[in-house]
Amino acid sequence: MTRCLQQTRAGEAQTTDGPPSVRAPTTQYQHFIPRFILRRFEVRPVKSKTERRKEFQHTGVHYYDVATGSLDIRPIGKVYGLENAYQDVRNTDDINELEKKLAVLEGHAACIIKHLHEALSQGTLTLKRRLLEDLRKFLFIMHYRNAACSDIYFQADHPDNARSRQWIESFMQAKGLHSAAEIWLYFLRYYLDTSHSNIMRDAAELVEKYGEGGLQKMMIESHIPPDLEHFPAYTYYVQANGYFLSIWEAAEGEEFIITSHAFGLWEGLGYGCPGLHCIFIVSPRIAIVLRHVLSRPELKEDVKPGTFVSSLLDVNPAPPTPIYTCGEHGTHIDQVNFQSAMSLARYRSSKKGEHDSFVFKITKLSRSQTLEFNCVLLVNVTKTGSLTFLSRGSMLRIAFRSLPANIHASELLIPLIARLMDITETEVSPLRPPSQSPAAVLDQDVDALTHVDVVHVLLMQICTDIKRFETAYDRAHLVFRIMEKSKPTPFAHEISREVEKAFRVCKDSEDGIPIGEGVSFAPLLSSISNESSSQLFQFMIPCMSKLGAMKSR
């Protein structure tokens, strides 16, 4: 991991994906989602640093811009960032110093996350305490550094900052700061320059003096005293102490998407308060999720129904297992006062604590859990946001299955699905001559993923009236033919189960045409008259209604 860290630092120190320049330009595009993460979403295979320098203008990621409805491939160096986002004009020696410090932190994190991907096959990841602290610090700063935070995080007159307004104004005056952006940069520097251990010590001093309850009361009910210089350390402390870190892996054949808000996205409620989970997407395969400690498995018996509200409650990640240097019950750990924030901070920053390890069990999600996870991300995409994905077929499935019951009300997803359908049809079309119908391709050797893509495209076209048929029978027959010829997939099995359920209901029906012993089955006709189609579905619709299915318009 040491060599990896050295290589990553060297690669991430540049501020563009192009050839390095001798002098830092006055204008830089600075990312709030690191390039080493975006590279895992690259359309082409992952490149070495030398290859990236040669081809940086020609590689990129799928990028969907919600505001314009455009879907294209954009260079990594031009997405998920802003020009001069971290430039500190007060630092006349080097206005881009903070960007360089961020590059060092990203280098540490990139190596850890590379190690995490290598550990997927084992199902567990073991990290020493200092590496875990580096990862924790990276996650916190990735959330803090988001471009949306810079102008409002310390905006004195923002409604959410009403209780801290006096503190913000006093602090700005004491430090000679003149804007919310300047104080935001001030504390970004504090977080970058101060080790995890020392930030936790700064927070522990506040906890020892005011108590956890007192600090929470300052934020919720009263005002923060103006003289608390390190109060932002307590924000860091709350995330580090109040949430356990877990690693979630997407189901086989599925992937995670990434959005402009996918770093530090809060989800769920606990005891009526927002923030049961904090989500960080680090690749199409892996998400790091911070879950509130009050939801730890050993506390389940004391939790009343309805205490937690979340779309992710059926995922049960295990907290990490600590391995202390002198054994689980070594003398050094017995001497720690777990009720004292400062005692814990001192131990964790000590040489003994430095050698402790933590074993993380990687939580493998099911297909439905992966879909639900992506739905959470999609629900939080704003009208000015964006999203990126690795494979277009997978994104089409995610978008299609994430649609609400009234799909025409989904303003953000419909344009994306339309773009994806155009692309997917283009990808499928080489499999057949232009004059061939979609059904004709079924007799050729097409893999299972393509069949799933084709049926999703077709169903979406039906729902949005892009594809129309002479009769309802013609429509159903085409969908049936596609699924009949598809290779075994979970989606195909799901359709087969529904068909079998419907057949049983029809067979047991007392009101319809009796289906008894000795009835033979004939091949389906490719098309029937409109009158026959209407009669057929007049019989079928009551049967399907008994299953809870609704008639399509």
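A residue is buried when its relative accessible area is under 20%, exposed when over 50%, and partly exposed in between (1.4 Å probe, protein chains only). By that rule, 47% of the 553 residues in this chain are buried. This is a predicted model, so local features need pLDDT of at least 70, and side-chain atom pairs count only at pLDDT 80 or more, while totals for chains, interfaces and linings use all residues. Residues are numbered from 1 along each chain as its sequence is written, and side-chain values use heavy atoms, with hydrogens and water left out.

**Confidence**
- pLDDT is the predictor's confidence in each residue, from 0 to 100.
- The chain's mean pLDDT is 79. A value of 70 or more is reached by 72% of its residues.
- Residues 1-23 stay under 50 in pLDDT. For them the model has 40 contacts (heavy atoms within 4.5 Å) beyond four places in sequence.
- Residues 424-449 also stay under 50, and here the model has 33 contacts beyond four places in sequence.

**Overall build**
- Helices (H or I, at least four residues) and strands (E, at least two) are DSSP runs, numbered from the N terminus.
- The chain contains 20 helices and 15 strands.
- Take the contacts between residues at least 6 apart in sequence: 74% of them join residues at least 24 apart.

**Helix α8**
- Helix α8 covers residues 180-193, which makes 14 residues.
- From first C-alpha to last, α8 reaches 20 Å, close to the expected 20 Å. The expected span is 1.5 Å times one less than the number of residues.
- Buried residues of α8 include Ile183, Trp184, Phe187 and Tyr191.

**Aromatic rings**
- Rings of Phe, Tyr and Trp (its six-membered ring) pair if their centres lie within 6.5 Å; planes under 30 degrees apart count as stacked, over 60 as edge-to-face and the rest as tilted.
- The count comes to 29 aromatic pairs.
- The charged end of Arg296 sits over the ring of Phe244, 5.9 Å from the ring centre. The rule asks for NZ of Lys or CZ of Arg within 6 Å of the centre and within 35 degrees of the ring normal.

**Cysteines**
- The whole structure has zero disulfides, meaning pairs of cysteine sulfur atoms within 2.5 Å.
- Cys273 is partly exposed, at 47% relative accessible area.
- Cys375 is buried, at 14%.
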